[in-house]
Every structure is written in structure tokens, then in C-alpha cells.
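Welcome, and please open the model in your viewer. We will go from stop to stop, selecting a few residues each time.

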Amino acid sequence: MSNKDLWKQILMRLKPTMKLPSFMTWFADTGILEKNENKLTIGLPTPFAKKWVMDKYRIKILQAAQEVDESITEITYEVHSSLTHEDSPLKVPIKSLLAETDEKKVRKVRGKNEVHLGSGVTSRKLSIRYSLDNFVVGKDNKLAHAACLAAANMPGGIYNPLYVFSGVGLGKTHLLQAAGLEILKNNPDSRVVYMTAEQFTNEIIEAIGKRRTKQFKDKYRTVDCFILDDIQFLENKDMSQMEFFHTFNDLYENNKQLILSSDSPPRDLNGFKERLRGRFGMGTVVEILPPDYETRLAILHQRARDLQFMIDPEVLEFIAFHIEKNVRDLIGVLMQVISQSSLNDIKPDISLVSDILEKQHKIQEIHGKKHFAASTISPCTMQKIINTTAHYFNISANDLIGPIRKKEILTPRQICMYLIRRELDHSYEKIG
Ligand code: ADP
Ligand code: MG
């Protein structure tokens with residue numbers, strides 16, 4: 001791939017992540033100056049543009065670049081004043097990246113001289129944060145991931161409609177958006193709409209208020225892929241359901257892809273018209289279950305790596321062990337650990353995590369054996385806790401406190417540390 005093609009691919013991924021006028025303003029006069037193994041050097045027309053783009057878009061650019069070429073690990077920026085010339089050979093003609101709808105918007109925006117893109121259709125609100133590549137696949141989300149990938153590779157095919165359901169914080173929004181991005185990646189001209197059912201409802205109400213229901217109808221019935229997140233929000237909202245029913249039928253009949261998410265399977269959706277509920281189950285229905293320990297740990301490792309944050313694996317193991325039900329919480333704890341340790345300039349350790357967890361009351365009853373320690377060990381000593389834990393898990397006390405780092409040992413070891421901390425209030429240095 002030439003540098004120019006590479007830059008074009010990157011720009012195409014960046015475009016949906018920001019408002020069109022910003023994209024036009026900051027990226028029209030840019031190009032790749034050099035690609036050297038893992039390093040890209042990007043040229044910007046002025047020092048101001050360089051500072052602005054680095055401040056505001058550095059992370060997005062890196063993510064977009066890595067989506068195109070995962071070997072890219074570093075991006076530097078340089079001012080290259082030739083880029084201000086209209087016909088600089090380094091530049092990708094930015095107009096070639098605009099869809100027809102964008103061009104209209106640009107004209108409109110220029111005409112009115114205001115930044116307003118609220119009702120854009122193409123690739124609306126997709127975030128490059130959510131890609132299929134950075135979704136960690138485990139046995140509990142494997143099917144949903146595969147179905148999204150398949151639907152994205154064959155839009156309007158046998159995975160239509162695709163219906164994904166799960167409890168909160170398990171990756172529905174991530175997967176839905178990633179599927180949309182994938183469709184755009186395969187075909188940059190396709191029109192992908194992502195929205196939540198709540199936004200859909202709000203738009204209908206607004207359209208009715210402004211007597212613009214016709215425009216509303218037309219807007220979503222001409223897209224290639226329609227993604228509606230959290231459809232349980234449409235519960236008992238007859239008008240929104242009716243509007244969605246028509247949109248759904250139009251798109252479905254034209255072999256356009258529909259991707260939906262919800263907190264429950266179609267049959268358990270209450271307050272839905274039967275004819276709509278019936279439609280939901282016509283294609284593929286997949287569930288995401290809470291991730292197992294290995295997947296949780298892999299997600300934490302990936303996040304820490306993405307954020308380039310060095311953290312002791314044991315600390316990640318401790319978090320993964322304690323936060324079981326929800327990936328959002330899992331990542332939330334990691335982010336707190338990172339921010340607190342950076343703010344206080346301390347190395348993150350288990351004691352910090354434990355404080356955070358305790359504050360959030362998130363330490364779960366350890367597999368229902370909460371009272372195990374209190375009732376059976378009395379008077380309590382460190383050695384007694386170690387012996388009892390080892391005995392309970394059928395391992396030797398020496399292994400429990402030794403250097404072995406196998407999972408069969410690690411979990412009991414963490415439980416043991418937790419019990420010592422809780423029962424004896426020893427410091428973590430001492431426990432260590
Ligand atoms: P939901 O829509 O089901 O409530 P989200 O998609 O918002 O959940 O996921 C919550 C957070 O967890 C997001 O930051 C998402 O990127 C992350 N996440 C969930 N599952 C995974 C996974 N398997 N791999 C990586 N990140 C994940
Ligand atoms: Mg969601």
C-alpha cells in the first residue's frame with residue numbers, strides 16, 4: 001500500500017469519529033511524510049494545526065492507523081508547509097472521502113456558517129473505540145462476536161436481522177458498533193446508522209412536533225445497515241414501535257442489514273406488539289453471557305496494554321477474580337487503579353485494588369463461603385488461615401505461599417490473602 005493509500009484508509013476511519021467540519025478543517029491539508037517500519041510521520045500544514053491535531057486527535061489517529069496496519073506503533077507529527085499548496089502530491093483529496101450526503105451537509109454548513117451535523121446519516125455515531133479487533137473473544141461471547149462478524153461480511157444475508165441480548169455492561173454496544181464499522185471498512189460508501197432506541201424515540205417525537213415525519217421516514221429507509229441499540233427502551237411506546245416496524249419492514253424487504261440489541265430475548269420483551277416481537281426473532285438471536293475468569297483477565301490485559309500502563313499481572317488477576325458480572329465495572333476498577341496510582345505516584349498493588357473494591361462494596365461473597373473464616377478459625381492466626389485455605393482447596397500450604405503461579409494455586413492464594421487482611425487486618429507488606 002502506498003503512503004497515500006494508507007493515509008486515505010486512515011482518514012476514512014477517522015472521519016466518522018468527529019464532526020464533518022472538524023474533519024475537513026484539520027485533515028484536508030495533511031499527509032504521510034514517511035513510513036519507517038512501525039513508525040508513521042504525519043505532516044501538518046502549520047504549527048498550530050500540529051498542536052491542535054496532536055492534542056485532540058492523537059489517540060484516534062493511532063487507533064485508526066492500527067486498524068489499517070496493526071504493525072504501526074508510533075506516530076510522530078511534523079510541520080510541512082508545502083501541504084498548504086492546493087496540489088501537494090502528499091495530500092489525499094479530501095472530497096474523495098465524502099459521501100453525497102456529506103457534500104450536501106458541507107454546503108449547508110458552509111452556507112449557514114454553523115457547525116451542525118446532528119442528523120447526518122452516514123456512519124452516524126460510530127466510534128473507532130469499538131472494533132471487532134479489540135473485542136476480547138471468550139467462550140461466553142464467541143457466538144455473538146462471530147455473528148456480528150458474519151453479518152458485517154454478508155450484510156442483508158442469513159444473519160438478518162441480527163439480535164444480540166445480554167445483561168448490562170457485557171459488550172452489546174461494543175459489538176454492534178464494531179459490526180457497523182466493519183461494514184464501513186468493507187465498503188466505505190455504505191450508509192450505516194447506529195443509534196439507541198432512546199435516540200430513535202426522541203427523533204420521532206421531534207419530527208412529529210415539527211411536522212416532519214415524512215423526512216424522518218425517508219431518512220432511515222434508505223440506509224444499508226440500521227443498528228438500533230437497547231430496543232427494550234421501546235417498551236410500551238406504541239408510536240415508536242410502529243415507526244420502527246415500518247422502517248424494519250422496508251429495510252428487511254430490501255435486504256438491508258438490521259442489527260438490534262436488547263436486555264432480553266425477543267420472547268421475554270414485555271410491552272411490545274406481537275408483530276414486532278415476531279420480526280426480531282426472524283434471523284439470528286445470540287446471547288452474551290458474563291465472561292469467565294480467563295476472558296476477564298484477557299480484557300484487563302488488553303486495556304492496560306492499550307493504555308500503555310505497566311501493571312503487575314497479579315493485580316489484574318485480583319481484579320478479574322473479584323469483578324465477575326460486568327465488563328464495564330471490570331474496566332472501571334482498572335481505570336480507577338490507574339488514575340489513583342498515577343495521581344499519587346504509587347505503584348498499583350493489591351492493597352490499592354482492595355481499597356477501591358471495598359469502597360465500592362464490590363467484594364463479592366467469595367463463592368458463598370463468606371462466613372467460612374469467621375466461624376471455623378478461632379482464635380485466628382495467619383498460619384491457621386493458610387492451613388485452612390490450603391486444606392479447603394486440597395493443596396499444600398507450602399504451595400499456597402510458595403512461588404508457583406498456576407491458576408489452581410493463585411485463586412486460593414488470593415482468597416487466603418483477602419481473609420488474612422479481613423480477619424487480622426495485617427498490612428499487605430506483612431502478608432506479602
Ligand atoms: P453493553 O452495551 O452490553 O451494556 P458495552 O458494549 O457498553 O456493554 O460494554 C461495556 C464496556 O466493556 C465497554 O467499554 C466495552 O468496550 C467493554 N467490553 C465489553 N466486552 C468486551 C470484550 N469482550 N472485550 C473488550 N472490551 C469489552
Ligand atoms: Mg449498551
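Rings of Phe, Tyr and Trp (its six-membered ring) pair if their centres lie within 6.5 Å; planes under 30 degrees apart count as stacked, over 60 as edge-to-face and the rest as tilted. This is a predicted model, where local features need pLDDT of at least 70 and side-chain atom pairs count only at pLDDT 80 or more, while totals for chains, interfaces and linings use all residues. Residues are numbered from 1 along each chain as its sequence is written, chains are lettered from A and ligands numbered from 1 in the order in which they are written, and side-chain values use heavy atoms, with hydrogens and water left out.

**Stop 1: the ring cluster.** Select Tyr163, Phe165, Phe200, Phe216, Tyr220, Phe226, Phe244, Phe248, Tyr252, Phe272 and Phe280, which ring pairs link into a cluster. Across the whole structure, a search finds 17 aromatic pairs. Phe244 belongs to helix H9 (residues 238–253) and Phe280 to helix H10 (residues 274–280), so to speak of distant parts of the chain, 36 residues apart. Helices (H or I, at least four residues) and strands (E, at least two) are DSSP runs, numbered from the N terminus. Both Phe244 and Phe280 are buried (under 20% relative accessible area; exposed is over 50%, partly exposed in between, with a 1.4 Å probe and protein chains only).

**Stop 2: Tyr392 and Phe393.** This aromatic pair is edge-to-face, with 5.2 Å from centre to centre and 80° between the planes. Tyr392 is partly exposed at 40% relative accessible area, and Phe393 is partly exposed at 29%.

**Stop 3: charges over rings.** A charge sits over a ring if NZ of Lys or CZ of Arg is within 6 Å of the ring centre and within 35 degrees of the ring normal. Select Lys237 to find it over the face of Phe233, 4.1 Å from the ring centre. Then try Arg275, whose charged end sits over the ring of Phe245, 4.1 Å from its centre.

**Stop 4: the backbone.** Most residues other than glycine have a negative phi, and most peptide bonds are trans. Which bond joins Asn160 and Pro161? A cis peptide bond, with omega about -10°. Pro161 is in the loop between helix H5 (142–153) and strand S4 (162–165). Next, select Arg211, a non-glycine residue with a positive phi of about 55°. Arg211 is exposed, at 77% relative accessibility.
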